[in-house]
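User: I would like a close look at one part of this model, namely the surroundings of a single core residue and the strands and charged pairs that go with that region. Please take me through it in one connected account.

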Amino acid sequence: VQLVESGGGLVQAGGSLRLSCAASGSTVSIDAMGWYRQAPGKQRELVATITLNGGSTNYADSVKGRFTISRDNAKNTMYLQMNSLKPEDTAVYYCNAETYSDPNGWRDYWGQGTQVTVSS
């Protein structure tokens with residue numbers, strides 16, 4: 001499975017961005033997906049996750065009410081709509097996919113990351 005993020009950039013505080021994560025390869029094996037971020041000098045942290053059918057989502061407290069995760073399985077693409085951005089949202093955002101296949105079992109895949117910079 002290959003994951004490619006896009007949509008990052010520089011935005012002023014209060015602005016919006018929409019990240020996309022396009023999956024290719026053995027996409028039929030993808031189960032849950034998620035967005036993570038890593039700011040300079042900090043550990044990678046969970047931003048949001050979404051189940052296979054999109055029926056259940058989970059958000060970090062710091063982004064609840066501002067970010068919305070979604071996925072379009074027909075397009076093999078996941079999104080993160082980010083509104084009311086704050087300078088503390090500045091980070092590299094990574095796409096993650098959990099996959100299951102025989103005989104490999106469960107595996108995690110990561111994209112290369114996309115930079116989001118929010119200026120004050």
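Analyst: Leaving out residues up to four places away in sequence, Met 33 touches Leu 3, Cys 21, Ala 48, Thr 49, Ile 50, Ile 69, Arg 71, Met 78, Cys 95, Asn 96 and Ala 97, where contact means heavy atoms within 4.5 Å. The model is predicted, so that local features need pLDDT of at least 70 and side-chain atom pairs count only at pLDDT 80 or more, while totals for chains, interfaces and linings use all residues. Residues are numbered from 1 along each chain as its sequence is written, and side-chain values use heavy atoms, with hydrogens and water left out.

Met 33 belongs to the largest nonpolar core, which has 30 residues, and is listed with Leu 3, Trp 35, Leu 80, Met 82 and Tyr 93 as having the most contacts inside that core. Such a core is a set of buried Ala, Val, Leu, Ile, Met, Phe, Trp, Tyr and Cys residues joined through side-chain atoms within 4.5 Å; buried means under 20% relative accessible area, exposed over 50%, and partly exposed in between (1.4 Å probe, protein chains only). The elements that give two or more residues to this core are strand 3, strand 4, strand 5 (45-50), strand 7 (67-72), strand 8, strand 9 and strand 11 (114-119). Strands here are DSSP runs (E, at least two residues), numbered from the N terminus.

Turning to the pairing, four strands form an open antiparallel sheet in the order 1-3-8-7, two strands being counted as paired if DSSP finds at least two bridges between them. Strand 1 and strand 7 are the edge strands, each pairing on one side only, and the twist from one strand to the next averages 15°, based on axes that are lines fitted to C-alpha atoms, with angles running from 0 to 180 degrees between N-to-C directions. Strand 1 (residues 2-6) pairs with strand 3 (residues 17-24) in the antiparallel sense over five bridges, and Ser 6 stands opposite Ser 20 in strand 3. Strand 3 is in turn joined to strand 8 by six bridges, again antiparallel, with Met 78 in strand 8 as the bridge partner of Cys 21. Strand 7 and strand 8 also pair in the antiparallel sense over six bridges, and there Arg 71 stands opposite Met 78 in strand 8. Cys 21, Arg 71 and Met 78 are also among the residues that Met 33 touches.

Arg 71 is likewise in contact with Leu 52, which, neighbours within four places in sequence aside, also meets Ile 30, Asp 31, Ala 32 and Asn 73. Leu 52 is found in the loop between strand 5 and strand 6 (57-59) and is partly exposed, at 40% relative accessible area.

As for the charged pairs, the structure holds four salt bridges, a salt bridge being a side-chain nitrogen of Lys or Arg within 4 Å of a carboxyl oxygen of Asp or Glu. Arg 37 meets Asp 89 in one of them (3.0 Å, N to O); this pair links distant parts of the chain, 52 residues apart, with Arg 37 in strand 4 (residues 30-38) and Asp 89 in the loop between strand 8 (77-82) and strand 9 (91-101). Both Arg 37 and Asp 89 are buried. Arg 37 also forms a salt bridge with Glu 45 (2.7 Å, N to O), and Glu 45 is partly exposed, at 36% relative accessibility.
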